[in-house]
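This report looks at an annotated site and at the interface between two chains. The sequence and structure come first, and the discussion follows.

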2 protein chains.
Amino acid sequence: MTTQKDLFNSVKEQTLLSQISALSGWDALTGMPKDSGHFRAEIDGYLAEKLFQVSTGDNRKNILTDLEKDSASLDELGQLVLRKARKDFDMTGNIPEQDFVDFQKTLSEAQDFWAQAREANAYKIYQPYLEKIIGYLQRFIPLWRKDEKTPYDVLLNQYEPGLTVAKLDTIFDQVKSGITTLRKKIAENESIVDSSFLSRRVTKEQQRTYAMDAAQRLGYNLDKGRLDDTIHPFMEALNRDDARITTRWDENNFQMAVLGILHEAGHGLFEQNVDSKYDDLRSVLPISMSIHESQSLFNEVMIGRSKEFWVVEYPKLQSIVAPTLNDISFDQFYQGWLKTEATFIRTEADPLTYPLHIIIRYEIEKAIFNDHIDVADLPALWNKKYKEYLDLDVPDDLTGILQDIHWAGGSFGYFPSYALGHLYAAQFRATMTKTLDFKNIFESGDYSPIFEWRKSHIWQYGGAVDPNEILEQATGEALNPQYWLDFVTRLYSYYN
Amino acid sequence: MTTQKDLFNSVKEQTLLSQISALSGWDALTGMPKDSGHFRAEIDGYLAEKLFQVSTGDNRKNILTDLEKDSASLDELGQLVLRKARKDFDMTGNIPEQDFVDFQKTLSEAQDFWAQAREANAYKIYQPYLEKIIGYLQRFIPLWRKDEKTPYDVLLNQYEPGLTVAKLDTIFDQVKSGITTLRKKIAENESIVDSSFLSRRVTKEQQRTYAMDAAQRLGYNLDKGRLDDTIHPFMEALNRDDARITTRWDENNFQMAVLGILHEAGHGLFEQNVDSKYDDLRSVLPISMSIHESQSLFNEVMIGRSKEFWVVEYPKLQSIVAPTLNDISFDQFYQGWLKTEATFIRTEADPLTYPLHIIIRYEIEKAIFNDHIDVADLPALWNKKYKEYLDLDVPDDLTGILQDIHWAGGSFGYFPSYALGHLYAAQFRATMTKTLDFKNIFESGDYSPIFEWRKSHIWQYGGAVDPNEILEQATGEALNPQYWLDFVTRLYSYYN
């Protein structure tokens, strides 16, 4: 007789395999020897095959079918896991196994060739792999599709349940027009801000010391994490006691690593504080991208750009980099810190222009999957949109379409989550500030009330509760982009 | 019908799983977050279970049985793989699966507690895990035993085919008496050598720069490897294009990392240069410990202690660490470099006293498995032998019995391979110098003739040829400890 224990054992095996895959993925990006990509592709292909078998094989199928007949025998967690495992089953179970395995191998290779294309500053090296990935997804979409209106809706849905092109078009229109209005106002009123101190040389060691101290003050636990160097920063969690972050360094731009580390540590915080009862079940209870991103952005923007944080933190930073910033007053610093300016690179964008980078990617992805644009034409489309929205002339592929690893990893429909993350983060903040005085908290030196609020209202649930539910439970309201527009308007009022 | 292809596919799966295990093992020792040991133990247990199933399950059993009936259908490589896979099968297949899995988990935990015991300088923290490991091995030995005379012979045999206590006692007696005679002679004739320059401060970066340059001149390929920091240095090869090394640093003892890196790079060289035809079959063709060690020691001792190497390399070292060694002449340097002195730590021992450290471990292991000494008494026995052979009073566990990770990894019977490695290395060198002029080669700046000799006579065979065969093919003679005694006598004649 099939019991909840059988389901949990099967999901635990999937979780163990996912942890192994995560380790391999982390390693491939943090210093795996260059020549070994071909061996690693075989390892990753093998792991993907095993994962596929565990999550879609006959054993899982029988467990699901048996338990669905008798779901009253399961406790609440068991019923949740059953629903989620069924959803996964239907997602991958419809893809022929060989296709799935080949797709995983392609992703592994594509990430290698993306890195090589970056080195050569040549999209053409990467293009054939991107075409392959898109080709696979175009074949998979009809197998995944249920009642979604457009092919791209199918991809959006995978990252954010219920998200559609129709909804996003509306939200993004509101956000785009809000940003445009605000940017005009800033341009009109802007006093001349001198942010040249941001290019002063701060050593990697000084940056690391300050940023990791700050990340730990916000609760990131280094006994459950580590920091490495990569081209594109990320957080990879094997489990709640192993949530690793990475960063990129530029000794002439300390803001990048400081905010980048706060950002990735925000992701790490989430993973480190999920309730232990989900430990073995992580693989079918992944945390949604949007809510994950809301927590990295909470660190980076809601805290890392706020005045009340920097009033307290700036002297600490000054002291670590001394004497480099001794002559810069707090007001000069904070004005420079907020300086808004169109940038080529998404990860270097300020909080105001950031959503425009996302909207560009969103529109390109829509064009790929709904309008079947030729992959060879993507750099031109990319560059055209950067000109249109940000008034920037993209000089080359490295500065343009080669900047993100996401597509090489098969992640289409993922970018909008970053924008949703901004909106969620602002809505959480608006609720928190009703009961928590951020200014007093930072001044006290004990940042734990913020940590505790986030843990009890958000992190503990992991992926067991859908993001929109978490948002509504915590804030008493559905998603409302106005909180974000209000936040950035207030942030940049400092600038006028 | 079962074919060679079935066997090779099954062995390939075992090889893939071994690569994953190797990655996990490397990661656990190079910065895995401290709190995550319990999760990692589950992962390692799972991988061990899968490896056990692949190498001893019904599928493998049937393949072996079928092919053994019709071994003429296999090509030469197929027949070799069949023999080796059968040997593995008989080795692990006799152990109950649950025991095997539990043993692997225990090893994973023991390595954690070994590290914790080191931090606390307290053997007692580690002792229960060591007891468990020894307990498992004592239960396994009767299951492995064929015609071996003593229980410890069974363990020796696993690392070095045909090695026995009887043979080792003879070899080690010859070596021990040779060392004793030589040490007396050195003590009598020793001019007062000032090696205090070895404690001058050389930064980690300077050490890294010099040692990695030198390792690469000897052929270690960083596109197929990397260097990390660990407490106990090691080399871990996932595959021939991913042979990673680690080192320990002491800014007041640059000799340690320089020789340590040359040593580990010697292991890496071997792995990087195995013939690609064995790529998928590595798991049943592991390289024997003794021959592996002969190549690390070749780098470290046969080259890294030799005068002809340092005549050329010393100016390079001087220039990288300048001005730290500017006032030390070559003669002063080389005398200091060779300085022989009893040390507490095996990995810091000079080439002359090193075998005594091994002989101590050998005798303790013999006492554990053949004479059933109590595990609680090991530190006392350890300390007694260090007094007897090296005239050293071991002050604490950290300096004594806690220095090696090997036992925590279940490796008993392995240490003698280090001593055999010394003997093999000297015998290889004696043969090489008949046709290669080391002095000219180093002076030319092109060290490749040494690389090519080692590759064609040793490395290419990987684990496909037994060490004694490689030795005899390459040198025309069976193992003869006299080559090593001649080498160290000549080395230390410089000292008189």
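## Annotated site and chain interface

In this predicted model, A:His267 is in contact with A:Met235, A:His292, A:Glu293 and A:Ser296, once its neighbours within four places in sequence are left aside. A:Glu293, with residues up to four places away in sequence not counted, touches A:His263, A:His267, A:Tyr414, A:Ser417, A:Tyr418 and A:Gly421. An unreviewed UniProt entry carries the annotation "binding site" for A:His263, A:His267 and A:Glu293; although these residues are spread over 31 residues of sequence, they cluster in space, with a largest C-alpha distance of 8.7 Å.

Turning to the interface, 38 residues of chain A are in contact with 38 residues of chain B, and the two chains bury about 3,100 Å² between them, 57% of it on carbon and sulfur atoms. On the chain A side, A:Pro33, A:Phe39 and A:Tyr46 lose the most area to chain B, together accounting for 20% of what that side buries.

The rule finds 10 salt bridges across the interface of chain A and chain B, including one between B:Arg244 and A:Asp27, whose closest N and O atoms are 2.6 Å apart. Between the chains, 18 residue pairs are in polar contact, with both residues at pLDDT 80 or more. The side of chain A that touches chain B draws at least two residues from each of α1 (4–29), α2 (37–56), β2 (235–239) and β3 (242–247) of chain A, and α1(A) gives the most, with 10 residues. By class, that side has 12 nonpolar, 9 polar and 17 charged residues.

Methods
Residues are numbered from 1 along each chain as its sequence is written. Chains are lettered from A and ligands numbered from 1 in the order in which they are written. This is a predicted model: local features need pLDDT of at least 70, side-chain atom pairs count only at pLDDT 80 or more; totals for chains, interfaces and linings use all residues. Side-chain values use heavy atoms; hydrogens and water are left out. Contact means heavy atoms within 4.5 Å. Buried area is the accessible area (1.4 Å probe) that two parts lose on being put together, summed over both. A salt bridge is a side-chain nitrogen of Lys or Arg within 4 Å of a carboxyl oxygen of Asp or Glu. A polar contact is a pair of N or O atoms within 3.5 Å; within protein, one must be able to donate a hydrogen and the other to accept it, and residues adjacent in sequence count only if both atoms are side-chain atoms. Helices (H or I, at least four residues) and strands (E, at least two) are DSSP runs, numbered from the N terminus. Ala, Val, Leu, Ile, Met, Phe, Trp, Tyr, Cys and Pro count as nonpolar, Asp, Glu, Lys and Arg as charged, and the others, Gly among them, as polar. UniProt positions are given in the numbering used here, feature names are shortened, and annotations may be inferred rather than shown by experiment.
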